[in-house]
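Subject: Structure for your files

Hello,

Here is the structure I promised to send. My notes on it follow below.

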Amino acid sequence: MSVPQTSIPMDSSKAIREPSRATSWWHRLSAKVEWAGERLNPLLVKEVRQSLKSRQFSITFTAVLCLSWLWSIAGIARLGPEVSFGAFGPDMFFVYYLILAFPLILIVPYSTFRSLIAEREDNTYELVAITTLRPRQIVAGKLGSSVAQMAVYFSAVAPCLAFTYLLRGIDAPTICWILFYTFLASLGFSLCALLLATIAKEKHWQIMLAVVIVVGLFYAFLGAAGLCQMRLRFARLPFTSSEFWIENLMFLSFFVSTFVLLYLAAAAQLTFTAENRSSALRRAMLAQQVLFVGWLGYVLYENTGRGLKAGTGFAGVIAMLVACAYWLVMGSFMSGESSELSPRIKRRLPRTDLGRILFTWFNPGPGTGYLFAVNNVLAMMVFALLGVWYGEMNGASAAGMPAASQMLTQILLLLGYFVIYLGIGNLLLRLLRKFTRVTLSAGVLVNLLLLMAGWGIPTIIDPYDVHQSTYRLGHMTDPYWSCIATIDPRTSIVHDELLPIILPAAVLVFLWNLVYIVPEIRQVRLTPPIRVIEEEQSQVTVKPNQPQPTNPWD
């Protein structure tokens, strides 16, 4: 007896093949996700797991949810029937923003600070440091954990913020604009807290910086709340204006450059001392100055057609003042570096004459740092002098601006004071290195005390009244009052006697520093020993076609 054969309909066979396709698609997606997970920073995975499972995050996240829920009920109950007719979106949004900004501005940056401090306290940071993770990966892992926490907080309050759009009075671009800058503020504060955590290695510094961070973040939260409230008073942001986007692009360019500078500084603090920790930072500093000059030139170019040509000279003086302040701070840090280069750094020095001419100033060392800062201020002085010349050609005096001679005197005085104070600080630090070890904080402290002494001592001995023409040469160590006196027509002593003293003194201090700088500049590239070459060759990636072990016993 034969069993009849039954044919499978076309539809059922197609239904049988569909699960196999879905299963294969799911396997491919799972493999891609697993590959992406393997490519992630392992420290990021560890930090995210620890932060999202911590008691602090659980309590804070629960509080954010409960407060958002309570304000949704209380806010609508307070508005009553008027909610259907009025524009109450900004009022509801502001309270939701306070609930969201508190963990973003205060909790997340402080938890980032504590994440590294806790590893130092538990003696687990050494286990991370001896792995193959680079210092920049460690910093990126800590910041990635902060970004993950921020994303969770945003996802919790986002429905409430979208609800305020339905209440009218606030548009969606304004909501996105405020939240975007709040995210940037939280990310920036987290990086600053992490940088301070890399600096604080002793217990007393950790306690003191923890208090400073908490107080500073609290005031930052109050400032963010005030800015949000002031922004909500306006009906709409000028999103259709080109000037609005240019201003935002200008701010974002400086934020990104500063973020990169602080990121590299945090990674440098985690790098061992024999490695080059300065060149990347100096490139970031130079990029910031280029951005500053570029944006300032763009603003002046755009405003020349609006009757502001005479203000270019005064803008040059402001640019010179900003450059001197910036490079005095950066030069103070660079002057605290060690003058001895390790063999590892010397093996990476420029090998050609052109490379040494162009890139020697990026090498670590107090001497090259001093020259690097002075060269950048000199470049800014050229820009300021061009601004004074251009303003003079377009009638600076007629526009109510200071005269060209006064602005020129201010520029030369700022250059002279910068060379003198940073140069004397560099010489004092070289003297201190003969007796003790000099750190970056010591370089900043010495330059700060030197500047305070130059300002405070003559002020105590002979107080200067700005309303009277009582400026005397005894105040010539005070750069502030000396530059202020240049715009006072009653103090001709600045032009006649002070400038001929400051400029020769600056040249003398520069030449004195040059005696110690020349040995740093003349250092040449070292040939790596055979042992180092063999180690580098042994670390070359194995070719893909070479068979790999499949288990630990192969």
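Pro 42, Arg 49 and Lys 53 are exposed on the other side of H2 (exposed is over 50% relative accessible area, buried under 20%, partly exposed in between, with a 1.4 Å probe and protein chains only). The buried residues of H2 are Leu 43, Glu 47, Val 48 and Ser 51. Seen down the helix axis, these buried residues fall within an arc of 130 degrees, so they line one face of H2 (the arc is that of the directions from the axis to the C-beta atoms). They pack against helices H3 (55-79), H4 (89-121), H5 (125-129) and H6 (135-166); contact means heavy atoms within 4.5 Å. Helices are DSSP runs (H or I, at least four residues), numbered from the N terminus.

The model is predicted: local features need pLDDT of at least 70, side-chain atom pairs count only at pLDDT 80 or more, and totals for chains, interfaces and linings use all residues. Residues are numbered from 1 along each chain as its sequence is written, and side-chain values use heavy atoms, leaving out hydrogens and water.

Ser 68 sits in helix H3. Ser 68 counts as buried because its relative accessibility is 3%. Apart from neighbours within four places in sequence, Ser 68 is in contact with Tyr 96, Ile 99, Val 157 and Cys 160.

Phe 218 lies in helix H8 (residues 203-232) and, at 40% relative accessibility, counts as partly exposed.

Regards

Terms used. Helix = DSSP H or I, 4+ residues; strand = E, 2+ residues; numbered from the N terminus.
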